[in-house]
Amino acid sequence: MSKPLPKNSFLQGVWEPISLECDINDPIVIGKIPEELNGTFFRNGPNPQYVYSDKYHMFEGDGMIHAIIFSNGHVHYKNRWIRTERFLAERKARKSLFGGMRDNGACDDSVKHLARNTANTNVIWHHNKLLALNEGSQPVEITKDTLMGCNPYTFNEVFNRSMMAHPKIDPVTGELIFYSYFGPDFNYFIVNKNGKITHQEKITMPFKCMMHDFAITEHFNIFPLFPLTWDFQRMIRGEPMFKWEPNLNTRFAIMPRYGKESDVILFEDQAALGFHVVNAREEKDKIILEMVVIDDIASDAIAFADDDVTYVNYFTRWIFDLKKRTITKERLDDINVEFPRIDERFTGRNNRHAFMNGTISKSVPNLFDSIIHYDVTTNKKQVHYFGEGSYPLEPIFVPRSVNAEEGDGFLLSYVYREAFNRSDLVILDAKQIDAEPLAIVQLPHRIPFGFHGCWVNKE
Ligand SMILES: [Fe+2]
């Protein structure tokens, strides 16, 4: 960032990148850190080291991990850029070498052979590996304590594809379930709890589209296909890579976890666009899927790569009857919500609690001012409103203990304080989210708006 940043809404305000990497031992804490919190909260998000042009998009910044380490009531903050091939090449050149999708994929001749991976979307913990994910690229393994390391992760040298950014971990079997879809084919994988790929299936989907997230149940996978199609050829022709094609409708491909392409059942519904799954569960012959979804899109109003469109995501439930092959859809609330998380001990099972960011004030388009708790059995909600000028990010749920009942634990969320241009890490009691925070960790700098994270218990 040695030049002033170009004018671009993804480089301003909550999105403005920070240029520091630091460690903060014992930042100021208001309140008391719960004794049960022992482990690390990792959060990933885009933070460009250099910017290629004013066409930068938020999906394209170098990944930066922010970690808060909790140990017996004390906290330590650490942030590091992820040392991808791309990051290291640009650091050496002291300038941006890679254009983005709105630059039609342009890049410097010196890096034509390098991967474009930014590893900026999610960070997960599985078989004692910390993996940073970006759905167009291979996973990157990071060293948990130092946040360094930059090697593409290959699952014992057998995986060389892109990996989507929202894999699911079955809470009972420990399996890691995911797919690879940015490429010529859609390929589905199951990795056992020890990190070995145990199942792989190539599936022909009805069309190639943004498939950011999916759901599992105890026995099935649900792959939503929304009609936001992609095609690398468009970019080569100088057109936007993504295209909204509502005439294709929304499809859901449902298949048994260990199924084959021939087992896939397809459902069809009107065009909508959803990025994030809340959870899914089975009920006799039915599968219930809950997501946050934009479903009132005027046919030509959406341009995926535009930064001046206001989106409203609604908490939405689809019910698929596998026997009758029918589909029903219900909007569960009428406020804008995003970044849903659950108590992940109930992934794919009969969960009761869901937590997500929400917007209850009308004045903050494309930002969130609240964390919402929904009881999905009653559709009742509780709101923690952070007040004007405070913007929370994805709330991560941490159980109070291994055996605590569902939803008994803590919510961790970075909250940007606009008036002070810095961020706090706020800890809420997940059972009483409308109460005052249990603790607030004050950071002297801003955590740029980002995407997803995880909690890893202390060993
Ligand atoms: Fe996501």
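A: First, a word on donors: these are N, O and S atoms within 2.8 Å of the metal (3.2 Å for Na, K and Ca), and water is not among the atoms, so sites may look incomplete. Keep in mind that this is a predicted model, where local features need pLDDT of at least 70, side-chain atom pairs count only at pLDDT 80 or more, and totals for chains, interfaces and linings use all residues. Residues are numbered from 1 along each chain as its sequence is written, and side-chain values use heavy atoms, with hydrogens and water left out.

Now the site. The iron ion has His166, His212, His276 and His452 as its protein donors, each through NE2, at 2.0 to 2.1 Å. Along the chain they are spaced H-x45-H-x63-H-x175-H. Strands here are DSSP runs of E, at least two residues long, numbered from the N terminus (helices are H or I runs of at least four). Both His276 and His452 are buried, meaning under 20% relative accessible area; exposed is over 50% and partly exposed is in between (1.4 Å probe, protein chains only).

What about the geometry? The angles subtended by the four donor atoms run from 90 to 160°, so the arrangement is irregular. For reference, four donors count as tetrahedral if all angles lie between 85 and 135 degrees; four count as square planar and six as octahedral if opposite donors are over 155 degrees apart and all others between 65 and 115; anything else is irregular.

Moving on to the surroundings in sequence, Leu289 touches Val277 and Asn279, among others, where contact means heavy atoms within 4.5 Å.

One more stop is Ser423, which lies in strand 31 (residues 422-429). Ser423 has a relative accessible area of 1%, so it counts as buried. Its contacts include Val441 and Gln442, plus His445, Arg446 and Ile447.

Methods
Lists of a residue's contacts leave out its neighbours within four places in sequence.
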